[in-house]
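Please look over the sequence and the model shown here before reading on. The paragraphs after it are meant to be read with the structure open alongside.

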Amino acid sequence: MKFTFAKLTALAAACALGSAHAEVPARTVTHRALMEEYTGTWCKFCPRGMAAMELMTEQYGDDFIGVSYHYNDVMTVMTESQYPSPIAGFPFAYIDRLTLADPFGGLESTGFHIDTLWEEACEVAAPADVDVELEYDETTNMLSAKALYTFAESCADADYKAEFILVENGLHGSGVYWAQKNAYTGDTSWEEWAPMEIFIKSGSSVPNLKYNDVVVYSSRMGEEELSLPGQVDAETPVKMDYEFDLSKVKNLTSNQMPMSVDLIQDVYQLRVVALLIDGKTGAVLNANQRKLVSGEVGIEEMPAPEIVRETYHDLN
């Protein structure tokens, strides 16, 4: 399902809240809202967040942009200050870094309603389309990502940021650190939603799970912000580049989590999410993603894009 719009709203105006005179653009932009789920294997109520992410993917396919940040467990990669939003009671989620919600119920106390909240966010018009291309070098184990931002309107004093998020599906392991705590044993009130079945039928700790949508690195963990130019021209793609050294993608160790783990288990379970961010508010204005496909031939050159920054990042 895709959501398309014919005009901009005040929130996502052409100059990222910098202009009070945004006009109806010629381009129709698809806004794919970002859902960021916060979870942990130690959190017994977090299985409902895992189930919600699966339900959203089933319902919306690749148009659903959803990522999971693990906190204080074996898949944690960030310090608390590096998370994009304040830590709340687990589980929780943010939509476009604006709306705090339960990852399953949304703003409701019962039932599955996060889909309604996400659709409402998609109805907010976005200033630019986002496209993502990937190239993987098996020799160097480097993954190169390119985001192309094509704006509907020109703006001379724009304030936009870019962000690249590396996400992996199918993460798994054995032992206590990989088992998911579970509060839903025998709770038949959740039977309506198929992804909850394994938790209803399992005990208080569920081993041998595969964890999807896991954030294993983000450009926000680097020292530099990725800023788009102040001048953006309608229909002229702005290019941003980022490189991930996959050999250095590891979890964050601590007293609670002393085990160091290489988090890249299968490169062809990776995808990169590229964000367009309002530089003034920090809100996500649009997003898109690209899965790494076996045999990926490289990045296709676009006609005369503006090269803003090419950056190599050591993930240590």
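This is a predicted model: local features need pLDDT of at least 70, side-chain atom pairs count only at pLDDT 80 or more; totals for chains, interfaces and linings use all residues.

The protein chain has 316 residues, of which 54% count as buried, and its secondary structure comes to three helices and 17 strands. When contacts between residues at least 6 apart in sequence are considered, 75% of them join residues that are at least 24 apart.

In soluble globular proteins, nonpolar side chains tend to be buried together. In this model the largest nonpolar core contains 93 residues, and those with the most contacts inside it are Leu143, Tyr149, Phe164, Leu166 and Phe244. Strand E15, which covers residues 270-278, gives this core its largest share, namely seven residues.

Tyr69 belongs to strand E4 and has a relative accessible area of 2%, so Tyr69 is buried, the cut-off being under 20%. Not counting residues up to four places away in sequence, the residues touched by Tyr69 are Glu36, Glu37, Tyr38, Thr39, Met78, Tyr83, Pro84, Arg97, Ile165 and Val215. The C-alpha atoms of Tyr69 and Val167 are 9.7 Å apart in space, while the two residues are 98 residues apart in sequence.

Val284 lies in strand E16, which runs over residues 284-291, and Val284 is likewise buried, with a relative accessible area of 3%. Between Val284 and Asp96 there are 4.7 Å in space, C-alpha to C-alpha, although they are 188 residues apart in sequence. Asp96 is also among the residues that Val284 touches, together with Leu34, Arg97, Leu275, Leu276 and Ile277, when residues up to four places away in sequence are not counted. Leu226, in strand E13, counts as buried at 3% relative accessibility, and Leu226 and Tyr242 are 16 residues apart in sequence and 9.3 Å apart in space, C-alpha to C-alpha.

We turn now to the helices. Two packed helices are described by the angle between their axes and the distance between the axes. For helix H1 (residues 47-60) and helix H2 (residues 114-122), the packing angle is about 55° and the axes are 10 Å apart, and the two helices are therefore oblique to each other. The crossing of H1 past H2 is right-handed. H1 contributes Ala52, Met56, Gln59 and Tyr60 to the contact, and H2 contributes Ile114, Asp115, Trp118 and Glu119. By kind, the residues of this contact of H1 with H2 divide into five nonpolar, one polar and two charged.

The last features concern the backbone. Most residues other than glycine have a negative phi, and most peptide bonds are trans. Against that background, which peptide bond is cis, with omega near -10°? The bond in question runs from Phe90 to Pro91, and Pro91 is found in the loop between strand E4 (65-70) and strand E5 (92-95).

Asn141 sits in the loop that lies between strand E7 (128-137) and strand E8 (142-151), whereas Glu235 has its place in the loop between strand E13 (226-227) and strand E14 (238-245). Is Glu235 buried, partly exposed or exposed? Its relative accessibility is 40%, so Glu235 counts as partly exposed.

Methods. Residues are numbered from 1 along each chain as its sequence is written. Side-chain values use heavy atoms; hydrogens and water are left out. Axes are lines fitted to C-alpha atoms, for helices over the stretch in contact, and angles run from 0 to 180 degrees between N-to-C directions. Helices (H or I, at least four residues) and strands (E, at least two) are DSSP runs, numbered from the N terminus. Angles under 35 degrees count as roughly parallel, over 145 as roughly antiparallel, 65 to 115 as roughly perpendicular and the rest as oblique. A crossing is left-handed if the near helix is turned anticlockwise from the far one by less than a right angle, and right-handed if clockwise. Contact means heavy atoms within 4.5 Å. Ala, Val, Leu, Ile, Met, Phe, Trp, Tyr, Cys and Pro count as nonpolar, Asp, Glu, Lys and Arg as charged, and the others, Gly among them, as polar. A nonpolar core is a set of buried Ala, Val, Leu, Ile, Met, Phe, Trp, Tyr and Cys residues joined through side-chain atoms within 4.5 Å. Buried means under 20% relative accessible area, exposed over 50%, partly exposed in between (1.4 Å probe, protein chains only).
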